[in-house]
Every structure is written in structure tokens, then in C-alpha cells.
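Please keep the sequence and the structure in view while reading.

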Amino acid sequence: VIMIVSMASTVAIEQVAAAAAQADGPGLWFQLGIQPDRGFTAELARRAEAAGCAALVVSVDSGVFGQRERDLRNGFLDLPDGMHAENMRDSSGRLRRIEFCAELCWHDVDWLRELTALPIVLKGVLHPADAALAVRRGVDAIIVSNHGGRQLDTVPATIELLPAVVAAVDGRIPVLLDGGVRRGTDVVKALALGAAAVGIGRPVLWGLAVAGQEGVRQVLELLRDELDRALALCGCGRVAEVTSDLVHHRRGS
């Protein structure tokens, strides 16, 4: 199990890493949005590496902020009073705002590759041509993600886009998937279509909101139990036995 810690977290990466180490918790990856200030971006990457994160997950689907109508309708325009994106404090202690970088391009990935020895995972890849470019640029893995449907409106579900991305990568690097994973059967479908692993976001947050740490544990255990049952009912003794012929594709509308 890997926990991907967001750059926008209200708890600093150092504190998260310390808590994970104390509790013998999951390994950590750090989700990084490349900022227009490259010096500060480099500072963030070094902080994540020093905290023990095993990879940088670089968001590439957020050159600009999406029109998040649900947030606008609910008046959720900023964090509640007293809460801050603690990873955005620079070395002087000044709190910075998260900025979007519309000029983000492949040269920025090359720059980050030169900056750190950590594996680089690109999150937000949806097009097979971009997936093939990521391989050629030396990226270590990609995550097929549509940002929970909150960035580009009407973008297809990630499970629909996964097979073409997997085909473009052709086994050269791992392909992960996030978005819409709610049941153990969803995990089996993603694995059958070529995903090496899946990301689980909203169910974990729901469990946290209902019952805190215990709620998160229950959600993860429920998903694991459902996955084990689904594998057994598909005739698979282990994940490696999941094959693409287990998925039936509907034809037509």
C-alpha cells in the first residue's frame, strides 16, 4: 500500500512521514504540482525526498484551474479559517499560494528528472500519444487520471481510456489508474485492462469523515475483501491470473 501525499495537504510532508514511520504505516509518494517559481518547486521536491518519499507524482492535467461548479455552488473557494496548505511554506516560513502553470511542458519534466533521483510518476495522462512520449522522456510510471472529473468537463471515465494507454506503453513502464474505483470488482476490471495498481481517493475520505482512522481502515478492508471475493468468483487464485478476457465490452448504446 502506498499513500500519495498531496502538495495541498494541510499537514506538512515531514509530519506525515514521521507519523507513518511511527505507526509502521504505508510507503509515501509526494504529489507535486510544478510551480512557476522553479526554485520553490525544487525546494518542495527536496523536502519530499528528505522526508523519505519514494517517488514524485507530478500532476500534468492542471495547467489551469478547472471550472469546479460543485465547489462554486457550495461556496468552497478556499480552506476553512485556520487551515493552510502547509507544504507551501517556503524556507523563510512564508506561506505561498498554489499557482497553476499554463506553460507546463515536457522540458519541465526533463528539468525535474535532472533535479532528483526519485522516480517520476506522471498523473493525469489520458492520451496514448502522451503516454508514449512519457516513456521516451524517461518517466518511471504514469497514472491514468481525470482528476476525479473536476478538471476537463465531459472527459471520459479513466477505465474507458485505460486500454489505449496501456497499448501505447506496451509494458515498458507501469500504468496505474485512479478515478471511479468504488468496489473490489472495479479493481479487477482495471487490472484486467492492464493497470498495475489503482488509486483510491473518495472512499477513503468518506471513511475518514464518518469514523476517522477506523473508518479508513474499514473502507480499505472492505475493498480488500471484495477484491478477494471477486478474484475467487472469476476463477483467479491471485492477481497475476487476471486477464483481459474477464472483461465484457458492451457494443452499441
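## A nonpolar surface patch

F65, I98 and F100 form a nonpolar patch on the surface, and their accessible area together is about 270 Å². Such patches consist of residues with over 30% relative accessible area and no salt bridge, nonpolar side chains (Val, Leu, Ile, Met, Phe, Trp, Tyr) being joined within 5 Å. A salt bridge is a side-chain nitrogen of Lys or Arg within 4 Å of a carboxyl oxygen of Asp or Glu. Areas come from the Shrake-Rupley method with a 1.4 Å probe, and for residues only the protein chains shown count as cover.

The model is predicted: local features need pLDDT of at least 70 and side-chain atom pairs pLDDT 80 or more, while totals for chains, interfaces and linings use all residues. Residues are numbered from 1 along each chain as its sequence is written, and side-chain values use heavy atoms, without hydrogens and water.

## The aromatic pair

There is one aromatic pair (ring centres of Phe, Tyr or the six-membered ring of Trp within 6.5 Å).

## The side chain of Q151

A polar atom of the Q151 side chain lies 2.9 Å from the backbone oxygen of V64. For the backbone oxygen of D61, the distance to a polar atom of that side chain is 3.1 Å.

Notes: Patches are made of residues with over 30% relative accessible area and no salt bridge: like charges are joined within 9 Å, nonpolar side chains (Val, Leu, Ile, Met, Phe, Trp, Tyr) within 5 Å. A polar contact is a pair of N or O atoms within 3.5 Å; within protein, one must be able to donate a hydrogen and the other to accept it, and residues adjacent in sequence count only if both atoms are side-chain atoms. Rings of Phe, Tyr and Trp (its six-membered ring) pair if their centres lie within 6.5 Å; planes under 30 degrees apart count as stacked, over 60 as edge-to-face and the rest as tilted.
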